[in-house]
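Subject: Structure for you to look at

Hello,

Here is the structure for you to open alongside this message. My notes on it follow below.

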Amino acid sequence: CPPSVFEQQITYLIEAGYNVVSMEDLVSWLRQGASLPVNTVTITFDDGLECFYRNALPVLKTHSCPATLFAVVDYISGTNEWMQSRGLPARRLMTRDELRAALFAGIDIGCHSASHPRLTNLSDAELDDEVARARSQLAVILGREVRYFAYPFGVFGDGEREAVIKAGYKAACSTLSGYN
């Protein structure tokens, strides 16, 4: 999404009266069984690409919009190797300092696994490592608890869900493929 288009999208959400809430607020409402306010949205970003820091973060700050970024822990300060293996171009991921600066700017940082594998293809031990190790390492980097997880490729089943619960995450995000 080009920065100018992202700016337009955020401006639209605000001008159209959407209720942009943090992941923390969303999860709290869902756990309480409360009805969400009309037109509630939560903004998330997967992977921790550097372009988030350079392009999206300033727009979010300007509009005081909360968001959650899900980082791939083993590739912090590296590149998107899991995408390159599928023929996509190399893109730089955020550094530790950039992640901490985003956190300081009000962005919640969650975990997108250790190395971005398809979790459903892993053994139980590998799955636990991908989910739990990533959480503990990211907590050390950020100096705070990591509460949220996003399933790589949006793919998960009962085993993956149980691993996320066992690792201590408060909630997890996925995707539903199809038309919006």
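**Helix H5 and what surrounds it**

H5 is followed by Gly-106, whose phi is positive, near 105°. This is a predicted model, in which local features need pLDDT of at least 70 and side-chain atom pairs count only at pLDDT 80 or more, while totals for chains, interfaces and linings use all residues. Residues are numbered from 1 along each chain as its sequence is written, and side-chain values use heavy atoms, with hydrogens and water left out.

Helices (H or I, at least four residues) and strands (E, at least two) are DSSP runs, numbered from the N terminus. Helix H5 covers residues 96-104, and within it Glu-98, Leu-99, Ala-102 and Leu-103 are buried. Seen down the axis of H5, these buried residues fall within an arc of 140°, so they line one face of the helix. The arc is taken from the directions that run from the helix axis to the C-beta atoms. Buried means under 20% relative accessible area, exposed over 50%, and partly exposed in between (1.4 Å probe, protein chains only). Asp-97 and Phe-104 are exposed and sit on the face of H5 turned away from its buried side.

What do the buried residues of H5 pack against? They pack against helix H3 (50-62), strand E4 (68-71), strand E5 (108-111) and helix H6 (124-142).

**Nonpolar cores**

A nonpolar core is a set of buried Ala, Val, Leu, Ile, Met, Phe, Trp, Tyr and Cys residues joined through side-chain atoms within 4.5 Å. The largest one has 39 residues, and those that touch the most other members are Phe-45, Phe-52, Leu-60, Ile-107 and Ile-109. At least two residues of this core come from each of helix H1 (3-15), H3, E4, H5, E5, H6 and helix H7 (158-167). H6 supplies the largest share of this core, six residues. A second, separate core has eight residues, among them Met-23, Leu-26, Tyr-148 and Ala-150.

To see one member of the largest core in detail, look at Ile-109. Contact means heavy atoms within 4.5 Å. Neighbours within four places in sequence aside, Ile-109 is in contact with Leu-69, Ala-71, Leu-99, Ala-102, Leu-103, Leu-138, Leu-142 and Val-146.

**Pockets and a cavity**

Rolling a probe the size of a water molecule over the atoms shows where empty space is left. On a 1 Å grid over the protein atoms alone, a cavity is a set of points where a 1.4 Å probe fits but cannot get out; a pocket is an open set with protein on both sides within 12 Å along at least five of seven lines, and lining residues have an atom within 4 Å of a point. Grid points are joined across faces, edges and corners, and a volume is the space filled by probe spheres set on the points.

The largest pocket has a volume of about 690 Å³. It is lined by 25 residues, of which Cys-1, Phe-45, Asp-46, Asp-47 and Leu-49 are the closest to its centre. H3 gives the most to this lining, with four residues. For the classes, Ala, Val, Leu, Ile, Met, Phe, Trp, Tyr, Cys and Pro count as nonpolar, Asp, Glu, Lys and Arg as charged, and the others, Gly among them, as polar. The lining of the largest pocket has 13 nonpolar, eight polar and four charged residues.

The second largest pocket holds about 210 Å³ of space. Its lining includes Phe-6, Tyr-12, Val-41 and Phe-45, and H1 gives the most to it, with five residues. By class this lining divides into seven nonpolar, three polar and no charged residues.

How many cavities of 30 Å³ or more are there? The count comes to one, and the largest cavity has about 30 Å³ of space. Asp-47, Gly-48, Ala-71, Val-72, Ile-76, Leu-93, Met-94 and Leu-99 line the largest cavity.

**Two loop residues**

Asn-39 is not a glycine, yet its phi is positive, about 60°. Asn-39 lies in the loop between H2 and E2 and is partly exposed, with a relative accessible area of 38%. Ser-64, also a residue other than glycine, has a positive phi near 50°. Ser-64 is in the loop between H3 and E4 and counts as exposed at 65% relative accessibility.

Regards
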